[in-house]
Amino acid sequence: MVVSISKLVTGMVLTIAIAIGSIATYKQELFFKIPKYGFILWAITGGAMPPYIVPGPFEEGNTDWLKDGDVVVTVAPKSGTTWMLYCSHQIRVKGNDEKFPYKDVSLSTPWPELIQTPGDSWEFQKEKYNSTILSDGTPYKKYWDHPEYPFRVFKAHSSPESFGSLIGNTDKKNIRFLAMARNGLDQIASMTPFVINHSDQFKSLWGGFPPGRPAPLRELAKERLEQAKPLGIWHTSFFPYVNDWWKVKDEENVLLLHYTDAKNDLPGTVSKMANFYGVNLTEKEHANVVEKCSYNHMKKHEHMFEYSLPLNPDYEGTIMKSGKFIGKGENGVGKVYFTDEEKEEWYKLEEEHYGDDPAKLSWARYGSDI
């Protein structure tokens, strides 16, 4: 009897293993149909993580879709990405929302690296940018590729290496890159509630990813701090991001900003961005853009920044939960999240990774013009 049960269990395990292997080989995205834990099977069978991000759009030899003058806002995660996307859009339209309506960040400033339907590829999805008709009958392309825009704006979170010869214009395309870093502890503090603020619908689409659990902020902050350290899952968004963009900060088509400076001087930041983009703003236009890029304005219109998935016709929700995305983002907020011991450990890591250049170390921590 014991032997029979043992054989039965062995047979079941073997059957499950064969099934998992078959799915991984022929239709790996089926793992996402498994609630809460499907992403784990995706990951252990070789699926890229995060499962909805692909490198394809900016790979060498695959950038024919880019146009001269395009702008890539490639800010470090939780360092003002959506803020800079919106400011870039407002600068290009000179604050004229009547002529160029802004309904959703995914419409006017899309994220090419984001796969919106499990199983899609960049090559397949690329065509949808031009052919998709929105539910109100408007061509999607009208929002992100309007013929009267002086330049198009795209989102990324990537390092310079991901853009290859586009950095420095060595491929002769005038693609511009806006990068921005943030004080590390402030960045981690902002990341603390971020994961659990993804909508349940979006998590369900990707088999439970990103995983998150309700817990006291202090507990989550400690968890995120560990993830930001070397070998942690968020590590590349911190020390490598700063080091890599610091190396190319003097390139003609790169503007490297610091969140602290943008927060302390929004009017000056808008002027710097407009100059980089080649846009001349009158005094009235400048004031209008600055007001629209303010926290109060963006918070009032928070529904525009929850990230829809316009390329997925079966998805009617957003990536983020309603009313959970736009925060005040105050400078220095990281100091209240962590113990003195944790802060001291982080400072030592900064010295280890940035200590080869005192100017870089100071900038990474506090900002200031470079």
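Which residues line the largest cavity? Its lining consists of Arg-182, Gly-184, Gln-187, Phe-238, Phe-239, Val-242, Trp-346, Glu-350, Tyr-354 and Ala-364. This is a predicted model, in which local features need pLDDT of at least 70 and side-chain atom pairs pLDDT 80 or more, while totals for chains, interfaces and linings use all residues. Residues are numbered from 1 along each chain as its sequence is written, and side-chain values use heavy atoms, without hydrogens and water.

**Cavities**
- A cavity is a set of points on a 1 Å grid over the protein atoms alone where a 1.4 Å probe fits but cannot get out, and lining residues have an atom within 4 Å of a point.
- The volume of the largest cavity is about 60 Å³, a volume being the space filled by probe spheres set on the points.
- H15 (340-354) contributes the most to this lining, with three residues.
- The second largest cavity, of about 40 Å³, has Trp-111, Tyr-129 and Tyr-140 among its lining residues.

**Asn-243**
- Asn-243 lies in helix H10 (residues 239-247), helices being DSSP runs (H or I) of at least four residues.
- Asn-243 is buried at 15% relative accessible area, where buried means under 20% with a 1.4 Å probe and protein chains only.
- Its side chain reaches the backbone oxygen of His-353 at 3.3 Å.

**Nonpolar cores**
- Val-73, Trp-83, Met-84, Met-273 and Tyr-277 touch the most other members of the 52-residue largest core, a core being buried Ala, Val, Leu, Ile, Met, Phe, Trp, Tyr and Cys residues joined through side-chain atoms within 4.5 Å.
- A second, separate core of 46 residues includes Tyr-140 and Tyr-354.

Terms used: Buried < 20%, exposed > 50% of the residue type's maximum accessible area, 1.4 Å probe, protein only. Helix = DSSP H or I, 4+ residues; strand = E, 2+ residues; numbered from the N terminus. Polar contact = N/O pair within 3.5 Å; in protein donor to acceptor, adjacent residues only side chain to side chain. 1 Å grid on protein atoms, 1.4 Å probe; cavity = no way out; pocket = protein on both sides within 12 Å on 5 of 7 lines; lining within 4 Å.
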